[in-house]
Amino acid sequence: MCGISSLYRFTKITQQDKQNLMHMNRDMHYRGPDGEGYWNDDTCAMAHTRLSIIGLDNGAQPLFNADKSLVLICNGEIYNYTELRQHVAERGYTCTTDTDCEVVLYLYELYGEECLQHLRGMFAFCMYDIKKKKLFAARDRVGEKTLYYAQLSTGVVFSTELKAILKYYIPNPQLNAHALAESIRFNYPLDNRNTYIEQIKRLGAGEYAIVDAEGVQLHTYWRLSHTPVFKGTKEDAKVEVLRLMRSSVADCLQSDVPVAVLLSGGIDSSAIAHFAKETGKEIHVISAGYTGQHSQDERSVAKRFAGEKGLIYHEVELDAYDFQSLFAEYMPYIDEPICDVSSMSQYALYKKAKELGFKVLLCGIGGDELFYGYPGANRLAKQLQIRREHQSLFPWHGHKKIDFIHFLCRNWRNILFAGYPMQLDDRWPVDWTYEDYKRFAADAQIIWRGEMVRLADINVYYSYSNEADLDTVYDLEFTTFMKNLCLYLSDRLGMANSLEIRSPLLDYRIVDFVSRLPRDMKFDGTPKGFYKWCLRGIVPDYILDAKKRGFTPPLQFIKEVCGKYQYQQIQASHTFFNSMLADQLFNQL
């Protein structure tokens, strides 16, 4: 896990460019406190700050191929690097370091941009071909690692963090007011390309960019698909899901530094901890809770499970007093107005995990998105289905009158109790910030470079199409909530503490396999029904059958923080967590 920055000039790299990239490195020092590297020629400059995880002694970057015609900087981990090293060795290439990233250079020599099809892991990298004067930048399939870019008048700049580009290469930033309002309203951006700074964009998950003298070209090399391809039985599917999970967990345990599993007491983290223990290694787990008696606290469940499985159990306790100082402490590490009340809890947990001596943590992100684990999303999908069926019955003629009566008989409860709205209201896809945002936006104003932006004038309503179904709802969860919130925060808050966070359930092999199973096989109408069936006998029933609980802190903790906050850049009569974070970002500009 690292921080990377690169610059391609259509003209010539200047002395100021060299200084800028070195400063970008220093500003991301927490992402890579173990070393830094820099390289440039007349066209391209690259900077890398390193968190050493694999190949501690000889993995410094930038990395070069044998004849030094290719230069690579990479953030993340290539989990299948051992087998790939063997693959390239059989074709005449020799890796000279122990790092997982070097193999990317030789795969590129063999396959060009198609090398991405061979990589399994979480990564964002920039590779420069010195002879061809071509920059190749790519991001992993699911989008675990971020990569931002901006097109300049005479070049293109890339970086792991938005604020690095903003500080050194965007002297006159323009506000994308819609992107800002969207993040405040929904907690995270629904737009996967545009950021709240107009000039700075995101490279998409499963995308790569080619930059040469002709400019920038973007290409997609992977996307989520629900086209069923599996022809086996449900039992066959279970066997394969468990095989892939075991393989992914084993891959994610690869490390030359201490590793622990974040154990919440829920299904996903418990399954990961179980499969980690199956590898025969000594497995440490960390569980967190809150001072006092709170429904969100699952430490007793986690401790019981750890004892049964023979896991080495560590416990941390978060206190309301921590939250008063944590907000200001973690804010400098946040790039975008991406907001979640659990972020302070995450930051505190990672901070204490670092104090325990760990450098790599495994987490359970992805299980709910893959296995239909959100009851609210499932209800919404049912409402969309009913709406679609209802609309298909009009206009009335012939047999449709009888069909409509049958429709009413089947769905009278939904209609009677407003579970089936004729038009979905704007509480979706995130309903829990609706009232706060509505109160905030009513009179919220931002003065940006002499211009006033009124949040009430910005339409952030999201509408599902008439064709939307269960997979449409979960595609949005997967590509926005999971990627732009969950993975984003795990990266930013983990790296703020120089920690690498790994998500075994997001191995693209698992994602591809599960998403392409027939829907009636993997969804029985209940959250994670198929997944629980697969894990029955592996994860205890008292976990599988328990009520779902998240890591949301007790609300009084958050209310105390909000109650004491005074706006510095935003003018508004109502304060809530998301508006506080946005105000702090503006204060840093």
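1. Basis of the note. The model is predicted, so local features are reported at pLDDT of at least 70 and side-chain atom pairs at pLDDT 80 or more, while totals for chains, interfaces and linings use all residues. Residues are numbered from 1 along each chain as its sequence is written, and side-chain values use heavy atoms, with hydrogens and water left out.

2. Helix 21. Buried denotes under 20% relative accessible area, exposed over 50%, and partly exposed in between (1.4 Å probe, protein chains only). Among the buried residues are Phe577, Met580, Leu581, Asp583 and Phe586. Helix 21 covers residues 577–588 and reaches 17 Å from its first C-alpha to its last, close to the 16 Å expected at 1.5 Å a residue. The expected span is 1.5 Å times one less than the number of residues. Helices (H or I, at least four residues) and strands (E, at least two) are DSSP runs, numbered from the N terminus.

3. Helices 6 and 7. Helix 6 (residues 234–252) packs with helix 7 (residues 267–278) at an angle of about 70°, their axes being 9 Å apart. Helix 6 is therefore roughly perpendicular to helix 7. The classes are roughly parallel under 35 degrees, roughly antiparallel over 145, roughly perpendicular from 65 to 115, and oblique for the rest. Axes are lines fitted to C-alpha atoms, for helices over the stretch in contact, and angles run from 0 to 180 degrees between N-to-C directions. From helix 6, Leu242, Met245, Arg246 and Val249 meet Ala271, Ile272, Phe275, Ala276 and Glu278 of helix 7; contact means heavy atoms within 4.5 Å.

4. Burial and end of helix 7. Helix 7 is mostly covered, with 10 of its 12 residues buried. These include Ile267, Asp268, His274 and Phe275. Just after helix 7, glycine 280 adopts a positive phi of about 90°.

5. Six strands, in the order 4-5-6-7-11-12, form an open sheet with antiparallel pairing. Strand 4 (63–64) and strand 12 are the edge strands, each pairing on one side only. Helix 3 (residues 103–111) packs on the sheet, touching strand 4, strand 5, strand 6 (121–129) and strand 7 (134–139), and its direction makes about 120° with that of strand 5. Strands pair if DSSP finds at least two bridges between them.

6. The hairpin. Strand 11 (residues 207–212) and strand 12 (residues 215–220) run antiparallel and are joined by six bridges. Alanine 209 has leucine 218 of strand 12 as its bridge partner. Two residues lie between the strands of this hairpin.

7. Cysteines. The count of disulfides is zero, a disulfide being a pair of cysteine sulfur atoms within 2.5 Å. For cysteine 101, the nearest cysteine sulfur is that of cysteine 74, 3.7 Å away. The sulfur of cysteine 126 is 7.8 Å from the closest cysteine sulfur, in cysteine 44, which is too far for a bond. Cysteine 101 is buried at a relative accessible area of 2%, and cysteine 126 is buried at 1%.

8. Alanine 444. Alanine 444 is placed in the loop between helix 14 (434–441) and strand 17 (445–448). At 1% relative accessibility, alanine 444 counts as buried. Not counting residues up to four places away in sequence, alanine 444 touches Val453, Arg454, Leu455, Gln571 and Ala572. The C-alpha atoms of alanine 444 and leucine 455 are separated by 5.7 Å, with the two residues 11 apart along the chain.
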